[in-house]
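Please read the following report alongside the sequence and the coordinates.

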Protein chains: 2
Amino acid sequence: MEKITGTNLLQEFKLSDAVVGGDITLRATVHKYKPMGGFAFVTLRTGRYVLQAVYSPEICPDSMDDIKEGVFTEITAEVREEPRASYGIELTIKSIKLIYAPKENYPLHVSKRRLGCSLDINLDNRSVALRNPYERAAFKFQEGVAVAFADFMLKNGFTEIRTPKIVAQGAEGGANIFSLDYFQKHAFLNQSPQFYKQAAVAFFDRVFEIAPVYRAEKHATSRHLNEYIGLDFEMGFIDSFYDVMAMETAALRHMMTYLKENYANEITILGADIPEITEIPVIKFEEALKLSRGDKAKNKFDLDPSDEVFLCDYAKENFDTEFIFVTHFPSSKPPFYAKDDPEDPRCALKFDLLFRGLEITTGGQRIHDYDEQIAKLTRQGLNPDDFTHYLESHKYGLPPHGGLGIGLERLVMKLCNMQNVRQASMFPRDINRLLP
Amino acid sequence: MEKITGTNLLQEFKLSDAVVGGDITLRATVHKYKPMGGFAFVTLRTGRYVLQAVYSPEICPDSMDDIKEGVFTEITAEVREEPRASYGIELTIKSIKLIYAPKENYPLHVSKRRLGCSLDINLDNRSVALRNPYERAAFKFQEGVAVAFADFMLKNGFTEIRTPKIVAQGAEGGANIFSLDYFQKHAFLNQSPQFYKQAAVAFFDRVFEIAPVYRAEKHATSRHLNEYIGLDFEMGFIDSFYDVMAMETAALRHMMTYLKENYANEITILGADIPEITEIPVIKFEEALKLSRGDKAKNKFDLDPSDEVFLCDYAKENFDTEFIFVTHFPSSKPPFYAKDDPEDPRCALKFDLLFRGLEITTGGQRIHDYDEQIAKLTRQGLNPDDFTHYLESHKYGLPPHGGLGIGLERLVMKLCNMQNVRQASMFPRDINRLLP
């Protein structure tokens, strides 16, 4: 009987495989093909890199008749030093074998540095658009952001959890929720893992989750997605919500270092601007609004996009950082699980983190006491009986705790200075887009 | 203005913090409290460990009046060697401070080695049940399985992708799909990331995803969940589907080693049985059925649970392994994207991996040629016009490729010799369960 040992695996090309003076064999997509009369420039696309190669019939006996943009090939080549080429190398093709030729030519300028089409055309033809090195690099980079976040969390005693997205009840309340029929029961797609993260604090002390989050918001803006990835964490035994902000600051610092060390290739392709994080200023909501709006600050309960831009500019000018924490939002507003400030119950121990003019995080200290949570639910016009399962955690005990959620696509968008959050979502979902 | 530096983080207890002869301060939940007259045994639960401690009023001046099971404390203690205790240490409490005492006592026997209640009671009271060390260990272990999978994938040139779960069309077809209203459009919860993984092969060569998968199956069995976590990968430029099986074999071997190195604590608590993987036998579907059923094998198109048990026993007896690959399933059956065997078009290049009597993986080589895919869709009674977006990838080119999906909960269930897959899901979703 046949056996699989898994000891001789098919290898994906790594940059370290290309040793100057040596030969390599790799399987790659032809990214660009430019016959020059007598020889040809062939650009090869591997899963991560774009490599420059030269074909000449004196060196390679194989025919180039079927070689064109988009075909899949196996190539053997000598690696030569070439300071003007990417990664300082150029391949001299010694053999080229066609593996497969697609039916049709690309409908987009995949091999250009940037696609040069509208975002709608890009998204309508997403499976082709992402073959463009800039477009795909956003998602290799996105991988890095999430991997670095997980790496930090695991090193700091957090357990990675996986919680259901089909739920009987949304964590954030309100009408912005997708509903579905679940075996004749009314169910929803979760707006955040909040309830489950809190429950998990009681048995893991610290947890994180990287998973999709659903918001049925009818916005059609450059900063909203209806399905996005949340980088969430929750930690128990805190002294105050400053512990949560400190953990986020350290996490972001680790992530930026990790990206610079492991995703330099994508940082270059994307022109990403990775900030140094030394310290992040903290401003209270009331003061932030006064700074941003002066006398017009009255009766506001949240920041507008223009406030977020203003406050980041303010942080940049005064503290030489592109981040700023805004804290102590009005306690009368959702979420109902935000702990009120014992020193000033008009405020909740809630914070936002703004970066380059955009809110990328919401977090805070949560209510851990059962009676306190019942009272706040009631104060906000909610019925505690609707939250029986959630409140079990409080009844049988939660330590003082807090946490946050970071929007992955927003963070990528801002690190790469993109104009629209859809550019940071591989197959975005918005009010008008359910395909591809 | 206040600043957050993130340089002085609240630390979670690590086993390496407990140095014999030294003092430690930790925040922990009281797992068990047993006054003995003159002194007391206190068992402490941290996020990962359960530690034995001793209180005596001669050494610790603090009152124990409010200390009981379930309260949250801060303790300073001396670490003493104690070979009979877990991890070989016992803490002598020097100070104990109550952080918070919950409203009610646990309704379950959290501090027993096993809860000793029915699975339904366990799941109904999940946020308490998971405070039991055995119950929670399943999910620390689950973390390890997923982290090890990702680690292997990243080291082997795979890119981690995140694809939408709200889709216009299910990847597996059929009626077993949840539907929802998406801004007046008819949408579904994806049955697998199949379409997106295949699209991504064209731009990343190799991809993986760890994400929820939805099946609206009306089963109520010990092996089905309606929302579960898929460990999925897809790889391009393959020679055959044996490359996919080899990659899985190597991945599983890496994962088992990783678990033994990093999750020994949970392996012990769970009594998990981590297999050695040297080689995995491969049997064709037709032969497998004949072995399992003899003459009754006719007109079968898939394996039954009893076949899976038989084949694993067969592998154990004949090849001393608890794994077996079954290949070459009938091509007339779904999925429509499975490539038919050119040497025998009655068979598809599809495989299952069975482990300890259960299918834990389905995979195979996919159709990469546009015309071939159109023909198979048509042959299976499907309309290619319904798959326009999916087929864009084929039209503009995919290399020969294949991949698979592993059910995370099923793998954990079998590694831990659990009887029901719900035990391996933190908050399971089944036909009767939408809460908690």
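The report below begins with conventions and confidence.

This is a predicted model, in which local features need pLDDT of at least 70 and side-chain atom pairs count only at pLDDT 80 or more, whereas totals for chains, interfaces and linings use all residues. Residues are numbered from 1 along each chain as its sequence is written, and chains are lettered from A, with ligands numbered from 1, in the order in which they are written. For the model as a whole, ipTM is 0.98 and pTM is 0.98.

**The single chain**

Chain A contains 11 helices and 18 strands, where helices (H or I, at least four residues) and strands (E, at least two) are DSSP runs numbered from the N terminus. The C-alpha trace of chain A spans about 85 × 65 × 40 Å along its principal axes. An automatic or database domain assignment supplies the domain bounds, and it divides chain A into domain 1 (15–100) and domain 2 (133–424); their C-alpha centres lie 46 Å apart. Of the 436 residues of chain A, 52% count as buried, a residue being buried if 20 or more other C-beta atoms lie within 10 Å of its own, exposed if 12 or fewer, and partly exposed in between, with C-beta atoms placed from the backbone. Among the contacts in chain A with a separation of 6 or more, 64% are made by residues 24 or more positions apart; two residues are in contact if their C-beta atoms, placed from the backbone, lie within 7 Å.

**The two copies and their contact**

The contact takes 92 residues from chain B and 93 residues from chain A. On the side of chain B that touches chain A, helix α5 (residues 241–262) of chain B gives the largest share, with 8 residues. Because 100% of the interface residues of chain B are also interface residues in chain A, the copies meet through the same surface.

Strand pairing also crosses between the chains: strand β1 (residues 3–4) of chain A and strand β13 (residues 280–284) of chain B run antiparallel and are joined by 2 bridges, pairing requiring that DSSP finds at least two bridges between the strands. In this pairing, I4(A) stands opposite I280(B).

**Local backbone geometry**

Most residues other than glycine have a negative phi, and most peptide bonds are trans. The table lists exceptions.

| Site | Feature | Value |
|---|---|---|
| P334(A) and P335(A) | cis peptide bond | omega about 0° |
| L435(B) and P436(B) | cis peptide bond | omega about -5° |
| Q184(A) | positive phi | about 70° |
| D205(B) | positive phi | near 65° |

P335(A) is placed in the loop between β14 (323–330) and β15 (340–341) of chain A, while P436(B) is found in the segment after α11 (408–415) of chain B. Q184(A), in the loop between β9 (179–182) and β10 (185–189) of chain A, is exposed, with 6 other C-beta atoms within 10 Å. D205(B), in the loop between α4 (194–204) and β11 (206–214) of chain B, counts as buried, with 26 C-beta neighbours inside 10 Å.
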